[in-house]
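Hi everyone, thanks for coming. Please have the viewer open, and let's walk through this one together.

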Amino acid sequence: MAYTTKAISKGGRAGRSAVEGGALALAMSFPKELGGDGDAHNPEQLFAVGWAACFNQAVLVLGRNHGIDPAAAVVGVAVTLHTENNDFKLSAEISLKVPGADKAAVEALINDAHSICPYSKATKGNIPVTLTVL
């Protein structure tokens, strides 16, 4: 199975971005931490939301293999934009919380999910990623 989607952007971080067909269209702005007004979305937020959903799906697929009810799992993704002298880099932290689950099983699950999640694969070796069990 293959799936392709297309997005367009005009105005960069102070413009508007949308998926083809208009089902999702967002105003964009610089975050306050980068001197903007922070009154709209930014690429790091969108990346974090997409990665969290994708990673959560990997947890849902693999959870039972680890003796974990995947429906109880909560995935968090924090994406950080680092800037220095017009050089921009990303880092990420992925957290997994499964109330009542064995910590060792959750640690094995987060590692396995990281190995099959397409976002994790795409960033492997490109940005630092920290995995945390809560």
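This is a predicted model: local features need pLDDT of at least 70, side-chain atom pairs count only at pLDDT 80 or more; totals for chains, interfaces and linings use all residues.

Let me begin with a definition: a disulfide is a pair of cysteine sulfur atoms within 2.5 Å. Searching the whole structure turns up 0 disulfides. Cys-54 is in no disulfide, and the nearest cysteine sulfur, in Cys-117, is 3.6 Å away.

Residues are numbered from 1 along each chain as its sequence is written, and side-chain values use heavy atoms, leaving out hydrogens and water.

Now the sheet. When I say helix or strand, I mean a DSSP run, numbered from the N terminus: H or I with at least four residues for helices, E with at least two for strands. Two strands pair if DSSP finds at least two bridges between them. Here 3 strands form an open sheet in the order E4-E5-E6, with mixed pairing. E4 and strand E6 (129-133) are at the edges with a single partner strand each, so one side of each has no neighbour in the sheet. From one strand to the next, the twist averages 15 degrees. Angles run from 0 to 180 degrees between N-to-C directions, with axes fitted to C-alpha atoms, for helices over the stretch in contact. E4 and E5 run antiparallel and are joined by 11 bridges. For instance, Val-74 has Lys-97 in E5 as its bridge partner.

Next, the helices. Contact means heavy atoms within 4.5 Å. H1 lies across E4, E5 and E6, at about 145 degrees to E4. Helix H2 (residues 103-116) packs on the sheet too, touching E5 and E6, and its direction makes about 150 degrees with that of E6.

Which residues of H1 are buried? Among them are Trp-51, Cys-54, Phe-55 and Leu-62. Their cover includes E4, E5, H2, helix H3 (118-123) and E6.

Look at the start of H1 as well. Asn-42 is in the loop between strand E3 (25-27) and helix H1 (43-62). Asn-42 caps the N-terminal end of H1, with a side-chain oxygen 3.1 Å from the backbone nitrogen of Glu-44. That is a polar contact: a pair of N or O atoms within 3.5 Å, where within protein one must be able to donate a hydrogen and the other to accept it, and residues adjacent in sequence count only if both atoms are side-chain atoms. Asn-42 is buried, at 7% relative accessible area.

Last stop: the loop between strand E4 (74-84) and strand E5 (87-97), where Asn-85 sits. Most residues other than glycine have a negative phi. Asn-85, though not a glycine, has a positive phi of about 50 degrees, and Asn-86 has a positive phi of about 60 degrees. Are they buried or exposed? Asn-85 is exposed at 73%, and Asn-86 is exposed at 72%.

Definitions and conventions: Buried means under 20% relative accessible area, exposed over 50%, partly exposed in between (1.4 Å probe, protein chains only).
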